Amino acid sequence: MDHDADLPVLTTSVEKMVQWARPSSIWPVTFGLACCAIEMMATFASRFDVERLGMVPWASPRHSDLMIISGTVTIKMAPMLKRIYDQMPDPKYVIAMGACAISGGPFFYNTYSVVKGADHIIPVDVYIAGCPPRPEALLHALITLQQKIKSGLTREQIRAGQEAS
């Protein structure tokens with residue numbers, strides 16, 4: 001008797017399997033610059049627990065696929081930000097967290113040493129407004145990024161805010 005015929009069989013391509021698993025296995029690199037980093041740490045603590053979404057904070061950029069820029073990017077820190085981004089494997093995603101990471105925040109007009117937004121250095125996929133944004137806002141941004149990846153958008157479409165076709 002052949003009992004193998006009773007087993008359910010799933011056939012797919014390797015690429016489809018990777019695309020299915022990718023949104024649920026995002027590893028953000030731990031990279032905090034200022035006060036927003038405290039809110040990022042609170043998001044990864046037990047109360048909000050993003051590990052239930054398959055996200056594991058990682059200390060090495062060579063094993064991470066998400067960078068959360070949390071805080072003020074200064075001109076002195078910009079080359080290190082770019083270096084860490086370049087060390088991340090593709091596909092890689094970036095979340096700019098807080099007013100300082102998005103546009104320079106309150107330091108935009110009264111100092112020369114602040115970059116006027118992280119998107120002047122590296123491409124950003126999702127922006128989180130606030131000063132500092134609450135952990136719930138970061139959690140919402142992480143879920144939004146997961147949904148955009150699940151919908152099959154390319155990195156360029158995610159950055160442009162386009163819908164899946």
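Predicted model: local features only at pLDDT ≥ 70, side-chain atom pairs only at ≥ 80, totals over all residues.
Student: Where do K82 and D86 lie?

Tutor: Both are in helix 3, which covers residues 78-87, and they are 4 residues apart, which is about one turn of the helix. K82 is partly exposed at 33% relative accessibility, and D86 is also partly exposed, at 45%.

Student: How many salt bridges does the structure hold?

Tutor: The structure holds 2 salt bridges. Besides K82 with D86, there is one between the side chains of E136 and R134, with an N to O distance of 3.2 Å; E136 counts as partly exposed, with 35% relative accessibility.

Student: OK, changing topic: which residues have the most contacts inside the largest nonpolar core?

Tutor: That core has 20 residues, and those with the most contacts inside it are L66, I68, I95, M97, L138, L142 and L145. At least two residues each are supplied by helix 2 (36-43), strand 2 (66-70), strand 3 (93-97), strand 4 (126-128) and helix 5 (135-150), and the largest share, 6 residues, comes from helix 5.

Student: What does I68 touch, beyond its neighbours in sequence?

Tutor: Not counting residues up to four places away in sequence, I68 touches P28, V29, F31, M40, F44, I95, M97, L138 and L142. There is also a second, separate core of 17 residues, which includes F31, A78, M88 and A118.

Student: And S64, is that buried or exposed?

Tutor: S64 is buried, with a relative accessible area of 1%, and its place is in the loop between helix 2 and strand 2. Leaving aside neighbours within four places in sequence, S64 is in contact with W27, P28, V29, W58, M88 and P89.

Student: What lies 2.9 Å from a polar atom of its side chain?

Tutor: That is the backbone oxygen of S60, which lies 2.9 Å from a polar atom of the S64 side chain.

Student: You mentioned W27 and W58; why is that pair called stacked?

Tutor: The ring centres of W27 and W58 are 4.5 Å apart and the planes are at 25°, so the pair is stacked, given that planes under 30 degrees apart count as stacked. The structure holds 1 aromatic pair.

Student: Which parts does the pair tie together?

Tutor: W27 lies in the loop between helix 1 (14-21) and strand 1 (28-29), whereas W58 lies in the loop between helix 2 and strand 2, so the pair ties together parts that are 31 residues apart in sequence. W27 is partly exposed, with a relative accessible area of 30%, and W58 is partly exposed as well, at 31% relative accessibility.

Student: Last topic, cysteines: how many disulfides are there?

Tutor: The count comes to 0 disulfides. For C36, the nearest cysteine sulfur is that of C35, 4.9 Å away, whereas a disulfide needs the two sulfur atoms within 2.5 Å. C131 is in no disulfide either, with the sulfur of C100 the nearest at 5.5 Å.

Student: Are C36 and C131 buried or exposed?

Tutor: C36 is buried, with a relative accessible area of 5%, while C131 is exposed, with a relative accessible area of 56%.

Key:
Residues numbered from 1 in each chain as written. Heavy atoms only, no water. Core = buried A, V, L, I, M, F, W, Y, C linked by side-chain atoms within 4.5 Å. Buried < 20%, exposed > 50% of the residue type's maximum accessible area, 1.4 Å probe, protein only. Contact = heavy atoms within 4.5 Å. Polar contact = N/O pair within 3.5 Å; in protein donor to acceptor, adjacent residues only side chain to side chain. Salt bridge = Lys/Arg side-chain N within 4 Å of Asp/Glu carboxyl O. Phe/Tyr/Trp six-rings, centres within 6.5 Å; stacked < 30°, edge-to-face > 60°.
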